[in-house]
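Thanks for asking me to look this one over. Here are my notes, in numbered points that you can follow with the structure open beside you.

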Amino acid sequence: MWRYVRILITCARNSLVRDMSFRTNFVLETISSLSWVLMNLGFYVLIFRYAPEIGKGTGWGQYQFFMFLATGLLINSVVQMVFMINAEEFTEAVRTGALDFVLVRPIDTQFFISIRRFDWSALGNFLLGIALGVYALGKMGHLPTALQLILYALYVGCGIAIYYSLMIALAAATVWMGRNLTVLDFWFYITIFARYPMEIYSGPVGGVLRWAFTFVLPVLIVVNVPARMLLRPLLPQSTAEWMLPLFGLAATVACLGVSRWLFQKALENYRSASS
Amino acid sequence: MPLRWRLATWWTLLQISIEERLVYRADFALGTLMRFLPIVTQIFLWSAVYSAVSDSHDGQIVGYTYHNMVAYYLLTMVSRAFSSMPGLASGIARDIRDGSIKKYLVQPIDMLGFLLVYRIAHKLVYYAVAAGPLALVFFLCRGFFDGWPDSTTLAAYALSLVLAFLLGFFLEATIGMIGFWFLEVTSLLFVYMLVSFFFSGHMFPIDMLPGIWGTLVRAIPLHYLAYFPAAIFLGKVQGSALVWGLVIQAAWVVLFCILSRVSFWLGTRRYSGYGG
Amino acid sequence: MPVIEVDGLSKTYRVYQKPEGLLASLRGLVRREYRLVEAVRGIRLAVEAGEFVAFLGPNGAGKTTTLKLLSGIITPTAGTARVLGHIPWKREDAYRRRFALVMGQKNQLWWDLPAAESFRLHQHIYRIDPQQFRRTCSQLAEMLDVAHLLQQPVRELSLGERMKMELIAALLHSPEVLFLDEPTIGLDVVAQHRIQSFLRHYQASHGVTILLTSHYMKDVAALCKRVVIIAQGSIIYDGSLSGIIDRFSGQKIISLQMANGQAFDQLDRFGEVLSVEPPRAKLRIRRSDVTQTLARLLSAHAVVDVTVEDPPLEEVIAEVFSHPEEHWGRKVGEAPDLMEDRG
């Protein structure tokens, strides 16, 4: 266990050393991903000039929605910082055969390919997420209780785990398909559905989407559940509402298990590109 | 280059790009379908937003009903299919950086002409591939449109799409030429992509921008890439405003055509000055 | 007990055949055609502790695939293998801690970081005691003369220097078995020689078991007593380097030095004339004819000096590689006499 922590720290440190040796690039990347988020934020500010909330009676007013965005930002930035770059490198390693060297190391292969590189430039987004969350809570005049914060942290963790599982499963698919492009695209297109509160999926089609992205491919859990944990007006009031967080825990475990199984299966299929 | 050769080149390019796209069938099928997923979430988002818009506004946002808004999104997708030039600027910048731009200097090929032909071939393949899914999406969403516009509007729409394609091409080509002066243009391109994504009207109709922002965005050419053709189709621009809009759009095309040529000429002169 | 035991090891790949042309690609959307490639077919091999074995064979013969099977990177279609008592493709940590793999064409170090940083990561992965790690690292760096380059980003190193770093990375955890796949590929003669002498020295002092594949006969001649020739996925020879000549070449080279004034024009009666540089000449004759031909030669010409030699090794091996099917019948493992060659 300690060995794994030490490997994680060494990889994080090595990545930082590397990023710092390309400092200009690092700063530019941080700025560009920050400005992407800020521009999106600008769009939502624009929307709230014309409508008081997203979805009538849902309680997603401007600052509640900002809290939602902040949560999404936290989860996405961690995924970007730790896993996204590794998923890309993994698919590349499958293509070039560089995975050979990972397979011969006396360490869990899935662990090692998941944390080999850190993308520190996503740290800016993470901090922006915290700032936005604090700002939104302040504007709402809402001080969360300790229990709320603990649950929030727990479900942010679950969200990260679900996204991570999805990414690992997609990366495993590359071993079969032998190409990576659409797989990361696929990830992007799926997670688009997690960008907004689940209430927006109404009507017959929306209902099906909401059901499918909750129970089949549980990406709607990722941001919705932790964001609800922190927002008093949206705290689960009925027992039925309690089912969602409980399901969230089960879904996290299931996702991790299924993706691990897929990854192992994929490794058996690895053919090692000849040099 | 005689026309016959030009056509032959064009045909070969076309064939190669089609083959390139067919090799990975899983990618191919998924990729085409996926492109339409973001619009699904947008439709739901706007549906939720409009549900909360107070009745005092007649359920409208800056003159757009919910149906208008969805129709607008579908139409900007068409605009972007014409005006987006994936890999053009970065390709030029890369050619400059790794020196392969030289091939245009020693061979009797006009680089911009060559790239334009290549781009047209690429676009045609894309339209051929996307036509089916696009038609399906428009058919499913036909309820969001109030029937077909009149033939004059349609003609103006078609013209603005062609101009949007040309503007997108020359604009991105000009940006790629900056690579002659600054070697690292990747982040610059990202900034361009970002600004263009928001201010071309791809993300929202630029009518929503308040005060000075709206004026500013209308003063730069980006909104001709996505917003303008869509607005024509929806009948938001009519009469003399329409004519002037098309004239200004054409003027931007001419300006960037000249700019890209001049910067290529200046750039190559500077380049060979280095003896690179 | 042998360190490496392999029996009936086979690996078959299914390869997608990319169709040519536009129409064919369209058809490929519907139905894909595959071809089976037998990369390794029924290999049998036993290697004792401390042996230095070379795998020779033409490109695509299955050398690298065999190494990948033995390091557990890929799973075989059939057959068994045990290395240090482990089944490689189970990928147990206990096994992976005990061997190392170096591939001349692939890079395992972080490209943008100094090699020392990659080494430190290895220290944690292989749980190397810090003190021992420092000692081994500086020792190896000194032996390979790269101590001054440890803090330089790998991308700034020359190919030879990078290869030395790769070797250090592989040896940090003192593996008992070492798989080397083309370790000197693309290197200049000096760097090749440097790495050869390092490997020889390291193997002698640490007694590791090494399997090496290489294109360069010089590597093999300098390092390995035992040579395994693989062609078309099968072992066609397993024995000493010099044994290859006895095995595959039915010919001898006779070098003559004639007395003055001798005619050279009729030498082709005795065998294939390789060169004539009066007063010397070289002939190639069948091995079985050596005694008879020499007798005839000596009676027909006034010869001052004569030597009988084997044809050059490179030539013999090149011949074996280009016509492996002729040597098909002589599979090793079925031919007990070959085992004696190892002596």
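1. Chain B has 276 residues, and 47% of them are buried (under 20% relative accessible area, with exposed meaning over 50% and partly exposed in between, using a 1.4 Å probe and protein chains only). The accessible surface of chain B is about 13,200 Å², and carbon and sulfur atoms hold 70% of that area (Shrake-Rupley method, 1.4 Å probe; for residues, only the protein chains shown count as cover).

2. A word on what you are viewing: this is a predicted model, where local features need pLDDT of at least 70 and side-chain atom pairs count only at pLDDT 80 or more, while totals for chains, interfaces and linings use all residues. Residues are numbered from 1 along each chain as its sequence is written, chains are lettered from A and ligands numbered from 1 in the order in which they are written, and side-chain values use heavy atoms, with hydrogens and water left out.

3. The secondary structure of chain B is twelve helices and zero strands (DSSP runs numbered from the N terminus: H or I of at least four residues for helices, E of at least two for strands). Of the contacts in chain B between residues at least 6 apart in sequence, 78% link residues at least 24 apart (contact means heavy atoms within 4.5 Å).

4. Now follow chain B to where it meets chain A. Here 36 residues of chain B and 31 residues of chain A take part in the contact. Together the two chains bury about 3,200 Å², with 79% of it on carbon and sulfur atoms (accessible area, 1.4 Å probe, that two parts lose on being put together, summed over both).

5. On the side of chain B that touches chain A, α2 (25-34), α3 (37-51) and α9 (186-199) of chain B each supply at least two residues. The most come from α3(B), with eleven. By type, this side has 28 nonpolar, five polar and three charged residues (Ala, Val, Leu, Ile, Met, Phe, Trp, Tyr, Cys and Pro are nonpolar; Asp, Glu, Lys and Arg are charged; the others, Gly among them, are polar).

6. Chain A also meets chain C, through 32 residues of chain A and 31 residues of chain C. About 3,000 Å² is buried between them, 59% of it on carbon and sulfur atoms. The count of salt bridges here is five. D100(A) forms a salt bridge with K106(C), and their closest N and O atoms are 2.9 Å apart.

7. For the side of chain A that touches chain C, α1(A) gives the most, with ten residues. This side divides into 13 nonpolar, nine polar and ten charged residues.

8. Finally, chain C itself: look for twelve helices and 13 strands. Of its 343 residues, 51% are buried.

Key:
A salt bridge is a side-chain nitrogen of Lys or Arg within 4 Å of a carboxyl oxygen of Asp or Glu.
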